[in-house]
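Let's take a walk through a protein model together, going from its overall build to what sits inside. Have a look at the display first, then read on.

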Amino acid sequence: SSMIYADNAATTKLDKDALEAMIPWLQDEYGNASQPYSFSRKPKKALAEARALIASCIGAQPEEIFFTSGGTESDNWAIKGLLQYGDFRDTITSQIEHHAILQACQAIERLGYPVTYLPVNQQGGVTSEALSRIITDNTKLVSVMMANNEIGTVEPIEELARIAHAHGALIHTDAVQAVGHIPIDVNALGVDLLSASAHKFNGPKGIGFLYIRRGTSIHPFADGGAQEFGMRAGTENVAAIVGALKKNCDHMVEIGARLHKLEQVFLGTLQQAGIDFVRNGSENRVPGNISISIRGASGEMLLHRLDLKGIAISTGSACDSVNPQVSHVIQAIGVPNEYAEGTIRVSFGRDNQVEEARDVANAIICILNSKL
């Protein structure tokens, strides 16, 4: 039987339309978009059109979109690009951020810049009350992810942005798990910076962007050429940029409804079999992201047994696959010990079918009942 891929929060299959859009820029139209001669006009135009297309998906202006190598680079730029020598104002983030944010914050702490880590509630939510208790007029940046990569919880970014701005602070959101999956309007949200990565919404790997609101003072990520309005030197990867299409943005409601159905089938099948589990996260989640903790089970064992059956899932963030301990997110939301080690993440995507959701659940039931 064919493999069932149920780890779409780690990466997604490249869209066929995206692949076809990329091919000409890998073969025939290979000109450097920065050059002034006629051979470079097509890639230059393609770059501008892709920038405008992506901007339209999040309600931004084209000149506010800066292409990067992906979410990790965008996150690092947002955290480190605001630093000023001698300006040791506080950065606030949450305890359940992606490691790209947490380790970037640890790096600036080593340089003497203070960082405060917000606790979350049992649903993985950063509340406005929690931020209000900690933020001061000495806070420079608040960085809270829009949707958690492990449990899918969507954060109240609009509320947090109002609080940040009331104290004169900027706000950044890591929207890597959100762009292309839930509606986003940077103006309605009130964010100053937003990170995204194309391979999370059926685009190619190695390309992402950082939205920087016009007027935001931030250092260039890389010095050298004048690419990306002088903010990120280096020849643009035109093929990858063109491949970051807005197809998912156009069909978000339809895809979301399908993913909700898959969630119901998967969870319902486990419940009918009497599996003792809790679902992690809030009611307001990214569609298709299912984090469950099974009493007395081993998430690592389930991952490997399912792999032998041709089913790909995760025990949490793919970036942590080499570290089998309970993740920082599961610890932060206080999952009881008897459940925590049995945590897995099943994340369905637009290509998954109802039968596959049922098959994944039945495979888990089979493994747990066999006690192997």
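What you see is a predicted model, and its protein chain has 15 helices and 12 strands.

How does the overall size look? For 372 residues, a compact globule would have a radius of gyration near 21 Å, and the protein chain agrees because its value is 21 Å. Here are some whole-chain values side by side.

| Property of the protein chain | Value |
|---|---|
| Box filled by the C-alpha atoms, along the principal axes | roughly 65 × 55 × 35 Å |
| Accessible surface | about 16,300 Å² |
| Distance between the centres of the positive and negative side chains | 3 Å |

Carbon and sulfur atoms account for 51% of that accessible surface. As for charge, there are 31 positive and 41 negative side chains.

Now let's go inside. Buried residues make up 56% of the 372 residues. If you take contacts between residues at least 6 apart in sequence, 72% of them join residues at least 24 apart.

The largest nonpolar core holds 64 residues, and those touching the most other members are Ile 58, Ile 65, Met 146, Ile 184, Leu 194, Phe 209 and Tyr 211. Helix α2, residues 41–58, gives the most to this core, with 7 residues. A second, separate core has 30 residues, including Ile 255, Leu 267, Ile 344 and Ala 357.

Which residues does Tyr 211 touch, leaving aside those up to four places away in sequence? Its partners are Ile 58, Ala 60, Glu 64, Ile 65, Val 186, Val 191, Asp 192, Leu 193 and Leu 194.

Definitions and conventions:
Residues numbered from 1 in each chain as written. Predicted model: local features only at pLDDT ≥ 70, side-chain atom pairs only at ≥ 80, totals over all residues. Heavy atoms only, no water. Helix = DSSP H or I, 4+ residues; strand = E, 2+ residues; numbered from the N terminus. Rg over C-alpha atoms; globule rule 2.2 N^0.38 Å. Buried < 20%, exposed > 50% of the residue type's maximum accessible area, 1.4 Å probe, protein only. Contact = heavy atoms within 4.5 Å. Areas by Shrake-Rupley, 256 points an atom, 1.4 Å probe, with all protein chains shown as cover. Lys, Arg positive; Asp, Glu negative; His and termini not counted. Charge placed at Lys NZ, Arg CZ, Asp CG, Glu CD. Core = buried A, V, L, I, M, F, W, Y, C linked by side-chain atoms within 4.5 Å.
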